[in-house]
Amino acid sequence: MAERLMLLDTPSLYFRAFYGLPDSLKAADGMPVNAVRGLLDMISRLVTDYEPTHLVACWDDDWRPKWRVELVPSYKEHRVARNVSDGPDVEETPEGLVAQLPLIREVLASLDLPIIGAAHHEADDVIGSLASQAAAPVDIVTGDRDLFQLIDDATGVRVLYTARGMSKLEAVTDVTVVSKYAVLPGQYADFAALRGDASDGLPGVSGIGDKTAASLLKEFVDLDGIMEAASNPSSSMSASIRQKLTAAADYLAVAPTVVNVVRDLDLGTFESRIRPLDTDHEQKLKKLADQWNLGGAADRVLKAYAARG
């Protein structure tokens, strides 16, 4: 069987699981377990339907790195519950989900599934580094369009996009990005910087939306080419667009560093091959399933793993 690495944008998936299943799913002590059960069922479906040979749960060790905030202070600012001076800020997260995060990690460990994060970096950066350094084709499972920048048909990197739900996953390739946004995946980060992204607190350039950003990238290739044309009165760029870009020059000088995912993290070595669980891990998962009322979700993921043997 040809090798294929699957990278889970774990925060994106557990948020989706939490909001996708009712919080009436509870353990005996009353703690909701909807995110845990939903995430397990996502993993079962992904392993069964897409048949990866390797699987990694990528984690946010820092969901809002200060080095990004220093460049663009509004970055994810609307999602901050509490600022922390000597560590990651606290993200605004429902209490019912916060309570489940330790159990999510424990359940993933019982699957012998590596949970990989990096200090001062987001899960996106872990995904970017693992995908860029992979020797095999890669499936990235996420609801975050920022990761479209990693798509590359030549190296077999695609995104399994969850925006419409797990039953309607969209395999996003070069052609998909071009047809939707009229830019290449390699241009997507510059495209996002230009048009902005309210969900990440990126202001973008006032007066420049999707169509204008795409047309600028089509003509001038990348942000460097666009800004060079903006500084050249004899270029084909209109005066009004030149004025908008010039007014946003300070933002555009730093935005690419914020929007581009990191691709060169040294994440060490770890085993990510999917195989049937050994007795110790299987018993640990079954014990957690009984203790926390995980229902058939644990059985389904065990079955999916056993089929990969």
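**Salt bridges, sheet and a charged patch**

Arg68, Lys76, Glu122 and Asp125 are joined to one another through a network of salt bridges. The model described here is a predicted one, and the structure holds 16 salt bridges.

Salt bridges
- Lys76 lies in the loop between helix H3 (66-71) and strand S3 (80-82), while Glu122 lies in the loop between S5 and helix H6 (123-133), so the pair ties together parts that are 46 residues apart in sequence.
- Lys76 counts as buried at 6% relative accessibility, and Glu122 counts as buried at 3%.
- Arg300 and Asp41 also meet through their side chains in a salt bridge (2.7 Å, N to O), which links helix H14 (residues 296-306) with helix H2 (residues 34-50) across 259 residues. Arg300 is partly exposed, with a relative accessible area of 43%, and Asp41 is partly exposed as well, at 27%.

Sheet
- Six strands form an open sheet of mixed pairing, in the order S5-S2-S1-S6-S7-S8. Strand S5 (115-116) and strand S8 (170-172) stand at the edges with a single partner strand each, so one side of each is left without a neighbour in the sheet.
- Strand S2 (residues 54-58) and S5 run parallel and are joined by two bridges; Cys58 has Ile116 in S5 as its bridge partner.

Surface patch
- Asp112, Glu271, Asp278 and Asp280 form a negative surface patch.
- Glu271, placed in the loop between helix H12 (249-259) and helix H13 (279-292), counts as partly exposed at 47% relative accessibility.

Notes:
Residues are numbered from 1 along each chain as its sequence is written. This is a predicted model: local features need pLDDT of at least 70, side-chain atom pairs count only at pLDDT 80 or more; totals for chains, interfaces and linings use all residues. Side-chain values use heavy atoms; hydrogens and water are left out. Patches are made of residues with over 30% relative accessible area and no salt bridge: like charges are joined within 9 Å, nonpolar side chains (Val, Leu, Ile, Met, Phe, Trp, Tyr) within 5 Å. Accessible areas come from the Shrake-Rupley method with a 1.4 Å probe; for residues, only the protein chains shown count as cover. A salt bridge is a side-chain nitrogen of Lys or Arg within 4 Å of a carboxyl oxygen of Asp or Glu. Lys and Arg count as positive and Asp and Glu as negative; His and the chain ends are not counted. The place of a charge is taken as NZ of Lys, CZ of Arg, CG of Asp or CD of Glu. Helices (H or I, at least four residues) and strands (E, at least two) are DSSP runs, numbered from the N terminus. Buried means under 20% relative accessible area, exposed over 50%, partly exposed in between (1.4 Å probe, protein chains only). Two strands pair if DSSP finds at least two bridges between them.
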